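Please consult the sequence and structure shown below while reading.

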Amino acid sequence: MDASVRLPARHDSAVGKPLPHDSAHLHVTGLAAYIDDLPEPRDLLHLAVGMSEVAHARVTSIDLAQVRAISGVVDVCVAEDITGDNNYGAIVADDPIFATGLVEYVGQPVFAVAAETVDAARKAARLANIQYEELEPILDPLTAVEKSSFVLPSETLSRGDPQSALNSAPHRLARRVSLGGQDQFYLEGHIAMAIPQEDGCVLVHSSTQHPDQVQSMVARATQRSAKDVTVICRRMGGAFGGKESQAALIACIAAVAVDKTGRACKLRLDRDDDMIMTGKRHDFVIDYDVGFDDTGRILGVDFEFASRCGMSADLSGPVNDRAMFHCDNAYFLENVRVLSHRCKTNTVSNTAFRGFGGPQGMFAIEYVIEDIARALGKDPLEIRRRNFYGIDERNVTQYQQTVEDNIIDEIFDQLTASSDYQARREEIRAFNSSSSILKRGISITPVKFGISFTSTILNQAGALVHVYKDGTVQLNHGGTEMGQGLYIKVAQIVADELKIGVDRIRIMAADTSKVPNASATAASSGADMNGMAAKRAAAKIRTRLTEFAARHFSVAEADIDFHDGHVTVGDRQLEFAELVQLAWADRVSLSAAGFYKTPKINYDRDTFSGRPFFYFAYGAAVTEVVVDMLTGENRILRVDILHDCGDSLNPAVDLGQVEGGYVQGAGWLTSEELWWNDSGELGTHAPSTYKIPTCSDLAPDFRVELMQSVANREDTIYRSKAVAEPPLMLALSVFHAIRDAIATSDTAMPDLHAPATPEAILRAIEAASHE
């Protein structure tokens, strides 16, 4: 099959239908049960965390007398109460559950209070008398680089001879740009409820993307084996990466408190504590040096990334690796060097966030493309097309993976036509020439995003399917539901395999006692992996039913057809439930496990080379904005998006993901500013000061389409493509549309940093006026 595989439309299939989210009716009626809605066991204790008030210090003494004196307080847990490992870092063991002799950021947990009520616990947690010997903090990545403060060694990825290419290039530009972080701002904050079970076991309800990791970390912290810890998550109220690794901290605290008190314990962070205590998207300082020819083709580029990782490694290694992999976006870089610093700072340890380093890498190259265009006086669209990956040549990435599924030119052809890009760009130039206060801008940016965990070992999934005697089905798999629609997609896959209605399937919670050793629901791989595992489990049961029917009715297996909740066996037609009853009576197993591991991938971490990604997902967006040059205020006026979902499993869910991803990306690049003071205290830790997009920020003209009849060339589940993360990067067009609006003939390349808040825009305008 070629790069643009086209398959016929599916008929009489649950897959491909725009079905609503499986919990939509529960969401809108308030009946969807999140962890804080679950019935509380008798004698449940509520927990609150006592946090460090300084960014970097030795702890000289801790006096908890006033904490214990509060009415309703039952006990207090400190590091000495942890019977196992005082660590929740899964990759590097540098994340203490409770700090001991050293605190390394404002908000680091030092102890936890267990009380009869939430209010008593939270009141008491603020009454500790902790004495510190303060040390000099490192609060930003540039200072960390200067002082060689890193959580992991700096890494370099290179190809060709970038320095020679730079030295001989006809044109050369260099710049430093800052790119802010982003809080996940999930609606449901971090929460875990741990319940003691018989014979020393513990059950943990955790709001987590990675139940297996929570199970492992709780087991290690409490000196249990994995078989004695069960972790369940039916749904999360959002996660966006923030509950991939850091949910383990909350669960470990709850489990430690269970062991000390002998009672069920629940820890639910309030919004302020959640934002102060838990990690965010990594902010970057980006330096680039690029050489290019008269046509805008990049001849050589040198990137240096300084990433704020915070006080520990967490997931910063793979996040920064992916930034290195995605600093090409959709462009062929023949001569390139990427130097990546993983900076240790005395701030909260940053973690996964939708895109996982990819957005930061793409931001870097898109800034380069825009600067080249303005330096040459050309439309950035022309420069983008000049540098796109080719089909049969110029098609190998800087990490030596051949791009075999390139459709970015096709997407750009369709989108520039449907959005009327060229005519609108000319009209905007005419408008700006006669308007001194309001300036409009427009930008089109591409997305090429690699799908798979870069750690090959994680690309595996399991599922467990039960068919009951009445023909109904229970579906279990290792994926978690955080609102993204994974569960309905996998249910559609199982329904299609068994040819029954989705209403016959009960979707069960992610449960480590049902599906073990599951990878995190992350890397946009949830449907790809869990869907394929569930399909294989259902296929086993269908095969058994087919073999039984052939034997029982003395017909050939080829004469048996499953369809629309029925089974045709020769000249007979049975309901699916009838055949199941007969098979059960004949002692046929109606339960099966399925397993899937992503094929073709391989990756050598030592050389940053191989095929880390199974395939790429593509998309593009055109954004038009208006900016008030006196105040820096701005609005998105129109958005046109064309996105590649392969042969979509559920177009309604996928459209929602594209729309939501774009809006979340727009917030990251325009309004969501994280701010720390000189003492390392986060000042933006509530919606009063941290501004996520609202409905009023949506473009009044918002047009989103999925690529039609272009299936995945790789053998994914029904030739679909992942859609969770790639759409976020479509919002790069928002930032560059703003930059386009404030550029003039005198200031072709305004020095705009992200997020492009009104203040940042005014600073860029002011700086340009003094050049």
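In which strand is the place of D289? D289 belongs to strand β13 (residues 284-292), strands being DSSP runs of E of at least two residues and helices runs of H or I of at least four, numbered from the N terminus. The model is predicted: local features need pLDDT of at least 70, side-chain atom pairs count only at pLDDT 80 or more, and totals for chains, interfaces and linings use all residues. Residues are numbered from 1 along each chain as its sequence is written, and side-chain values use heavy atoms, with hydrogens and water left out.

**Surroundings of D289**
- D289 counts as buried because its relative accessibility is 18%; buried means under 20% relative accessible area, exposed over 50%, and partly exposed in between (1.4 Å probe, protein chains only).
- The side chains of D289 and R172 form a polar contact at 2.7 Å, a term for a pair of N or O atoms within 3.5 Å; within protein, one must be able to donate a hydrogen and the other to accept it, and residues adjacent in sequence count only if both atoms are side-chain atoms.
- Neighbours within four places in sequence aside, D289 is in contact (heavy atoms within 4.5 Å) with L166, R172, L173, A174, G300, V301 and D302.

**Helix α11**
- Within helix α11 (residues 380-387), the residues P380, L381, I383, R384 and N387 are buried.
- These residues lie on the same side of α11 because they cover an arc of only 160° around the axis, the arc being that of the directions from the helix axis to the C-beta atoms.
- The packing partners of the buried α11 residues are β14 (298-310), α10 (358-376), α12 (408-418), α13 (421-434) and β16 (438-451).
- At the N-terminal end, α11 is capped by D379, with a side-chain oxygen 2.9 Å from the backbone nitrogen of L381.

**Strand β16**
- Of the 14 residues in β16, 13 are buried.
- β16 pairs in the antiparallel sense with strand β27 (residues 615-628) over 14 bridges; pairing requires at least two bridges found by DSSP.
- I442 has E624 of β27 as its bridge partner.

**Domains**
- The protein chain is divided into domain 1 (1-9 + 388-395 + 403-453 + 612-771) and domain 2 (460-597), with bounds from an automatic or database domain assignment.
- The centres of domain 1 and domain 2, taken over C-alpha atoms, are separated by 39 Å.
- Contacts join 21 residues of domain 1 to 21 residues of domain 2.
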